[in-house]
Amino acid sequence: MSKILAISLATAVSAAVLAVPAASQIVVTPAAEVDKMVEKVSRDLTRQLDRSADFRGVSGGNGITIVRFQTDEEGTPENLRIYRESGDGRLDRVAVHAVRNLRTLDEAPASIADDQVYQANIIFADNAWSMKKLNQQLAEEEAARIASSPAERLILALGSVPAGKPGS
C-alpha cells in the first residue's frame, strides 16, 4: 500500500465532536478496556489494508470508505456493508476485504454487546495534503453523524494509521 494512507480519525472526530455545543451532545467516555481493544483492532485494520491493497495491486487513489459490520460469536466480521463509498470501487473493495479479514475482534471486552455495530472509517490518500483535506471532511461528516441520533453514538468506530506514512 505504498502511496495509500488509511488513517484513524479518532482525534479529529473527538475535536469535531467537542466543538459542538454541549447542549446538543452526550459525551460518553469508553472504558479503558474498550479503548485498548479499539487500538488493537485498528492496528490489525492497518495490516489488513496494507495486505489487501498489495494483493489487489492498488497503489494510489483518494477517498473515504466507511464499512459497517457486526461480529459472530467467534469475533469474525459479518453483515458487512459499505456505509459510505469512496467513489473509487478499487478502494471500496480494498476496505471491505481488509475488514472481512480482521482477526482481533474475538477479544472484545464483556461490556460490548453481542449485537454491537462497528464502523471502520478509512481514508485513502496519495499524499499528506489529500490526507489532511479528507481527514477534515471525514471529521465533519462524523460529527454530524454522531449528533444526528442517539443510536449513532453507540457505533464503535475503528481506524488505522500505517507506520511510516505521511501524516502518521
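A nonpolar core is a set of buried Ala, Val, Leu, Ile, Met, Phe, Trp, Tyr and Cys residues joined through side-chain atoms within 4.5 Å. Keep that idea in mind as you explore this model, which is predicted. Its largest nonpolar core has 25 residues, and Met37, Leu45 and Tyr118 are those with the most contacts inside it.

**The cores**

- Another core, of 7 residues, lies apart from it, and its members include Ile123, Ala125, Met131 and Leu134.

**The chain as a whole**

- The protein chain has 4 helices and 4 strands.
- Of the 168 residues in the chain, 46% are buried.
- Among contacts with a separation of 6 or more, 78% are between residues 24 or more positions apart.

**Helix H3**

- Helix H3 covers residues 89–100, which makes 12 residues.
- From its first C-alpha to its last, H3 reaches 16 Å, close to the 16 Å expected at 1.5 Å a residue.
- Which residues of H3 are buried? They are Leu91, Asp92, Val94, Ala95, Val96, Ala98 and Val99.
- Here is a handy point for reading such a list: an α-helix has 3.6 residues a turn, so residues three or four places apart point the same way.
- The cover over the buried residues of H3 includes helix H2 (32–56) and the strands S1 (63–71), S2 (77–84) and S3 (118–124).

- Ile66 is found in strand S1, and it counts as buried because its relative accessible area is 2%, under the 20% cut-off.
- Leaving aside neighbours within four places in sequence, Ile66 is in contact with Arg81, Ile82, Tyr83, Arg84, Gln119, Ala120, Asn121, Leu138 and Glu142.
- Ile66 and Ser86 are 20 residues apart in sequence, and their C-alpha atoms are 8.1 Å apart in space.
- Glu33 lies in helix H2. Is Glu33 buried or partly exposed? It counts as partly exposed, because its relative accessibility is 42%, and that class runs between 20% and 50%.
- Not counting residues up to four places away in sequence, Glu33 touches Pro109 and Ser111.
- Glu33 and Ala110 are 77 residues apart in sequence, yet 9.5 Å apart in space, C-alpha to C-alpha.

**A backbone angle to look up**

- Most residues other than glycine have a negative phi.
- Asn79, in strand S2, has a positive phi, near 55 degrees, and is a residue other than glycine.

**The second largest pocket**

- Rolling a probe the size of a water molecule over the atoms shows where empty space is left.
- How much space lies in the second largest pocket? About 220 Å³.
- This pocket is lined by 15 residues, and those nearest its centre are Thr71, Asp72, Glu73, Ala113 and Asp114.
- By class, the lining has 6 nonpolar, 3 polar and 6 charged residues.

Note on methods. Residues are numbered from 1 along each chain as its sequence is written. This is a predicted model: local features need pLDDT of at least 70, side-chain atom pairs count only at pLDDT 80 or more; totals for chains, interfaces and linings use all residues. Side-chain values use heavy atoms; hydrogens and water are left out. Helices (H or I, at least four residues) and strands (E, at least two) are DSSP runs, numbered from the N terminus. The expected span of a helix is 1.5 Å times one less than its number of residues. Buried means under 20% relative accessible area, exposed over 50%, partly exposed in between (1.4 Å probe, protein chains only). Contact means heavy atoms within 4.5 Å. On a 1 Å grid over the protein atoms alone, a cavity is a set of points where a 1.4 Å probe fits but cannot get out, and a pocket is an open set with protein on both sides within 12 Å along at least five of seven lines; lining residues have an atom within 4 Å of a point. Grid points are joined across faces, edges and corners, and a volume is the space filled by probe spheres set on the points. Ala, Val, Leu, Ile, Met, Phe, Trp, Tyr, Cys and Pro count as nonpolar, Asp, Glu, Lys and Arg as charged, and the others, Gly among them, as polar.
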